[in-house]
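Please examine the sequence and the structure shown here.

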Amino acid sequence: MVDQDIASSQSTGISTGTSGMAETLSEGDLFERSEIKRILDSDVAINTLLARLKQSLLTCEEFTKYIKKKYMFEEENVEELSKQYKHFFSSTSATAPSLRRSIQQILQFDGKMAQVKQSYISALVKMYEELSALLLTMTKMRKSIKEKGRRLEKDVVDSIHIAEKAQARYNSLCQDWEKLRLTDPTKTKLTLRGSKTTKEQEEELQRKIDAADLEYKQRVDHSTSLRNSFLNSERPKIVSELRDLILEIDTALTIQLQKYTIWTENLALNTGVTISPLEESKSMRSIAAKVTNERDLYDYLNKYNKQSKDSILVNRNLIPVPYKKHPSMAKGQLINPTGSFTVNSSRNTNNFKNSTTSKSINTEGGFHSNSSSTYNSPANSVNNLGSTKTSLANTAIASSMSGIGMNLLSHTDSTGNQSPIDNSSMFKPPSLNPGNGIGKPGRIPSLATTSSGVSGDSGRPLSHIQTNSSMPPGTQKNFKTFGVPLESLLEFEQEMVPAIVRQSIYVIDTYGLDLEGIYRKSANILEVSKLKEEIDRDPSNISMILPPKDYTEADIYVVGSLLKAFFSALPDPLIPSSTVPELKICLSIDDYNTRKNYIHGLIYKFPDAQYWTLRSLMFHLKRVSEHESENRMNIKGLSIIWGPCIVPQNDEDSNDINFQIKIMEVLFDVADQAFEPE
């Protein structure tokens, strides 16, 4: 209904506007007025009208460009809007909260408004095509009339110039004849054909004067005829054509402008009817008013009352631990010869996980199986939690002791008697410096294939990342280290820097700072792959990164290659890919201090995982560069090696390695400023 009314008003408006304009012009007879006729009959008429027609053409061209720009923008907007709104709240069900359902229904109005805009876009496209055709036609006609007027005017000007030359020749001959009459009649003139008397010269000059006079008269008549024809016939026609063209293009532009306003009104009215239809209950405002937030929250919370189990209302992690003194400490001894303590096999970080019963230590230091396990499963009632917590406390003691080696729990002297050992020595972790022992320690074997994490008499050191005899919280088998997002790995380890990074940096700092070509020389691929598989099989095998007793330089190169492989395998580089635009801006800054301050602010916005890991790596690489005289690894060389490992690729050219190298060099420059000192 609205479209029909607008269509009728459109046709009526255009016809009315056109007729009104025609009446205004005809009634006024503006071009018949004396002041206008004086201009149109002058010599500047053609140039003046050409300049005015050019203004109209420029107006048409600018309006055409705007219509094209607008319909392209509207078309792109409609296309994106009709697609994107479907991607949001698409999974909203009938049981969803009223707020979510209302948002989904309101977003559907965007699709309806996109459909309304389709007809508006079609009208703009048609208008653009008509304006383009009008502009092209009028431009060609103006050019044709301009060339015709210039040609006719040039013919008149040329004929006048020729007549002027004929006049000048005629006047010159007449002056010569007057001079000749004033000379001595008896004097002769010597020429190539002989001497001529004055009379003969007068006769010859008279013949020339007669010929020049005839040509002079003909040239004047011709130029006068051309000028009269141009002024009385040709120029008025050209002026009339130019005037008609100006009025025609301006009238066409006026009609197109009226059509544009009518279609814009049409769009606004149809959009309004879509948003607020006659049926009030289907309007956007009524849908938004149907949101009941309090009822939604009530229904959401009430769902937990409908659950069959009440256990979901209790967080077992918040149940307090009752204090109960261990029986073994009753008489001031560490271990009661007649007592035992239990080990929870499910929580032991070493390879006692395969045991299905609890182990206890007898007075002779061996292990025996109890008839039943004292571990309480999570299905036990709340009343049994006290005994469960006591068992877990025992488990923690047993787990820490088993990680160090069960031979540390008792000491046998030379007579075969056993005596408890001192607390401080039992829980003291082994030295982090593998060089403290006699000889150099051997690499720890895989904890996934041996019966214990360390050998009591081998002298092999524990992993540098182990502050006790167990791995970081949450470490378990079947959790990969390589190719895992950095945030997931650190959440799993409950640390600020991945264990593999800290362990590798420790080994390189201890054994590899003076090795020539550290990080540049590649290690044995099979050795690196085997070590990766062991660590992915069981994270506790990170301790295998430590070199063996009789290590060689190749063992240290393996650690360097392993560290590079870890960063290269990250799904997203250590420096997030989302920062590539900011990194480009950083490289475009010429001032050294401004560039450092810019990337400092960018690093400050990094997530904690990327910030602290990058901090550890950069300080380590700076230590490597400080030993350049021994390892021949300067900042430039390290940037070439490490840039592709931790810096994202240029999104415009994936082969632009210089982008990654330059960013790495900037990181070296700003490391001391951007990171907290170690």
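The text below moves from the chain as a whole to individual salt bridges.

This is a predicted model, in which local features need pLDDT of at least 70 and side-chain atom pairs count only at pLDDT 80 or more, while totals for chains, interfaces and linings use all residues. Residues are numbered from 1 along each chain as its sequence is written, and side-chain values use heavy atoms, with hydrogens and water left out.

The protein chain has 19 helices and six strands; helices (H or I, at least four residues) and strands (E, at least two) are DSSP runs, numbered from the N terminus. Of its 678 residues, 36% count as buried. Here buried means under 20% relative accessible area, exposed means over 50%, and partly exposed lies in between (1.4 Å probe, protein chains only). The accessible surface of the protein chain comes to about 40,500 Å², and carbon and sulfur atoms account for 53% of that surface; such areas come from the Shrake-Rupley method with a 1.4 Å probe, and for residues only the protein chains shown count as cover. Among contacts (heavy atoms within 4.5 Å) between residues at least 6 apart in sequence, 74% join residues at least 24 apart.

A salt bridge is a side-chain nitrogen of Lys or Arg within 4 Å of a carboxyl oxygen of Asp or Glu. By this rule the count is 16 salt bridges.

One of them joins the side chains of Glu61 and Lys65, at 3.7 Å from N to O. How are these two residues placed in helix 3? Glu61 and Lys65 are four residues apart in helix 3 (residues 45-84), so about one helical turn separates them. Glu61 is partly exposed at 30% relative accessible area, whereas Lys65 is exposed at 54%.

Another salt bridge pairs Lys259 with Glu130, at 2.9 Å from N to O. This pair links distant parts of the chain: Lys259 belongs to helix 5 (residues 198-275) and Glu130 to helix 4 (residues 98-181), 129 residues apart. Lys259 is buried, with a relative accessible area of 14%, and Glu130 is partly exposed at 29%.

A further salt bridge brings together Lys584 and Asp651, at 2.4 Å from N to O. Distant parts of the chain are linked here too, with Lys584 in helix 14 (residues 580-588) and Asp651 in the loop between helix 18 (635-646) and helix 19 (657-674), 67 residues apart. Lys584 is partly exposed at 25%, and Asp651 is exposed at 55%. Through salt bridges that share partners, Lys584, Asp651 and Glu652 form one network.
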